[in-house]
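Student: Could you take one close look with me at how a pair of helices packs in this model? I would also like to hear about the salt bridges.

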Amino acid sequence: IDSIRCRDIENILEKNTFIESAECYKTPLGDLCISIRQRIPILRVMPTGSIGYYIDSKGQSMPQGSHAAHLPVATGHIDKKMAEGTLFHMAQLLHEDSFWSRQVEQINVTDEGDLELVPRVGDHILFLGKPVRIEEKLNRIRTFYTKGLSRVGWNKYSRISVEFENQVICKRK
């Protein structure tokens with residue numbers, strides 16, 4: 001046990017892109033203990049024309065592993081700056097809210113940089129427009145869901161837009 005160098009083990013483990021931190025120590029009784037903290041992905045990013053990756057709970061990109069995580073998928077015209085900034089912020093909002101974490105399946109970034117959400121329930125697209133005041137827009141959609149769609153049905157509209165302030169604009173099927 002005296003020949004084991006804990007710092008070397010920690011350094012080797014922390015080189016793994018899926019490990020956030022590692023701690024290695026020896027106990028007075030001669031046991032070797034290793035504690036590892038895993039990076040937690042919160043968004044899968046699949047940009048047009050390039051290799052996909054994940055964004056973790058700290059806003060850093062990480063490579064795809066051999067197993068796919070069940071997370072919202074961001075598609076479209078996405079660069080690293082947008083993924084680690086705007087989309088990370090949106091993924092945090094979705095992840096922290098039990099309703100939105102179950103409702104949003106996909107985030108699409110259009111050629112113009114607008115955001116569209118594809119919900120799990122309902123046959124419509126949620127159009128957010130430019131990535132500003134996202135939390136306010138999500139609140140407006142939630143209010144519309146509870147006060148509007150609960151009465152007329154989840155499949156009445158093909159597109160629900162909250163692009164403009166204080167408005168919800170719907171396009172019938």
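Tutor: Happy to! Helices H2 and H4 lie oblique to each other, a label for angles that are not under 35 degrees (roughly parallel), over 145 (roughly antiparallel) or 65 to 115 (roughly perpendicular). This is a predicted model, in which local features need pLDDT of at least 70 and side-chain atom pairs pLDDT 80 or more, while totals for chains, interfaces and linings use all residues. Residues are numbered from 1 along each chain as its sequence is written, and side-chain values use heavy atoms, without hydrogens or water.

H2 spans residues 80-96 and H4 residues 134-152; both are DSSP runs (H or I, at least four residues; strands are E, at least two) numbered from the N terminus. They pack at an angle of about 40 degrees, and their axes are 11 Å apart. The crossing of H2 and H4 is right-handed, meaning the near helix is turned clockwise from the far one by less than a right angle. Where do H2 and H4 meet? On the H2 side, the residues are Thr-86, His-89, Met-90, Leu-93 and Leu-94, and on the H4 side Ile-134, Glu-135 and Leu-138, with contact taken as heavy atoms within 4.5 Å. By class, this contact of H2 with H4 has five nonpolar, two polar and one charged residues.

Now to the salt bridges: the structure holds 10, each a Lys or Arg side-chain nitrogen within 4 Å of an Asp or Glu carboxyl oxygen. One of them joins Asp-56 to Arg-39, with 2.8 Å between the closest N and O atoms. This pair links distant parts of the chain, 17 residues apart: Asp-56 sits in strand E4 (residues 53-56), and Arg-39 in the loop between strand E2 (32-38) and strand E3 (41-47). Asp-56 is buried, at 3% relative accessible area, and Arg-39 is buried too, at 12% (buried is under 20%, exposed over 50%, partly exposed in between, with a 1.4 Å probe and protein chains only).

Another pair is Asp-8 with Arg-5, whose closest N and O atoms are 2.5 Å apart. Here Asp-8 is partly exposed at 31%, whereas Arg-5 is exposed at 58%.

Glu-105 and Arg-120 also form a salt bridge, at 3.6 Å. It too links distant parts of the chain, 15 residues apart, from Glu-105 in strand E7 (residues 104-109) to Arg-120 in the loop between strand E8 (115-119) and strand E9 (125-129). Glu-105 is partly exposed at 38%, as is Arg-120 at 43%.

Definitions and conventions:
Axes fitted to C-alpha atoms, helices over the stretch in contact; angles between N-to-C directions. Nonpolar A, V, L, I, M, F, W, Y, C, P; charged D, E, K, R; others polar.
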